[in-house]
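Thanks, everyone. I'll keep this brief. Please look at the sequence and the model first.

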Amino acid sequence: MVTYYDDGTIRIRSMIPEDAKILYDTYFSYGWHPSLDTYEKYYKEQEAGKRFVFIAEYDGRVSGQCTLVFNPT
């Protein structure tokens, strides 16, 4: 895991495998119908160097995500 920013309250870091389920559950609770496979794929692509996945934490809890694909199709 790489930490890109941390001020003690907000932390921006790379994705870890457990984040996939957290993201899925969070979006599902909003009434969206995401696929857990999507977030698992994000992690695999991050590890393969194809995508950056930035996870935002607030007070130690995952509160958002953003991805950057290096060579989109």
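Leaving aside its neighbours within four places in sequence, which residues is phenylalanine 70 in contact with? Contact here means heavy atoms within 4.5 Å. The answer is Gly49, Lys50, Arg51 and Phe52.

A word on the source. This is a predicted model, where local features need pLDDT of at least 70 and side-chain atom pairs count only at pLDDT 80 or more, while totals for chains, interfaces and linings use all residues. Residues are numbered from 1 along each chain as its sequence is written, and side-chain values use heavy atoms, with hydrogens and water left out.

Back to phenylalanine 70. It sits in the segment after S4. Helices (H or I, at least four residues) and strands (E, at least two) are DSSP runs, numbered from the N terminus. Phenylalanine 70 and glycine 49 are 21 residues apart in sequence, yet 8.5 Å apart in space, C-alpha to C-alpha. Phenylalanine 70 counts as partly exposed because its relative accessibility is 39%. The cut-offs: buried is under 20% relative accessible area, exposed is over 50%, and partly exposed is in between (1.4 Å probe, protein chains only).

Now the strands. S3 (residues 51-58) and S4 (residues 61-69) run antiparallel, joined by eight bridges. Strands pair if DSSP finds at least two bridges between them. Phenylalanine 54 has cysteine 66 in S4 as its bridge partner. The two strands form a hairpin with two residues between them. In that turn, aspartate 59 has a positive phi of about 50°.

Next, the helices. The axes of H1 (residues 19-29) and H2 come within 8 Å and cross at roughly 145°. Axes are lines fitted to C-alpha atoms, for helices over the stretch in contact, and angles run from 0 to 180 degrees between N-to-C directions. From H1, Ala20, Lys21, Leu23, Tyr24 and Tyr27 meet Leu36, Tyr39 and Glu40 of H2.

Which residues of H1 are buried? They are Asp19, Ala20, Leu23 and Tyr27. Down the axis of H1 they fall within an arc of 105°, so they line one face of the helix. That arc is taken from the directions from the helix axis to the C-beta atoms. These buried residues pack against strand S2 (10-14), H2, S3 and S4. After H1 comes glycine 31, with a positive phi near 95°.

Last stop, glutamine 46, in H2 (residues 36-47). Is glutamine 46 buried or exposed? Buried, because its relative accessibility is 12%. Not counting residues up to four places away in sequence, glutamine 46 touches Ser14, Met15, Arg51 and Val53.
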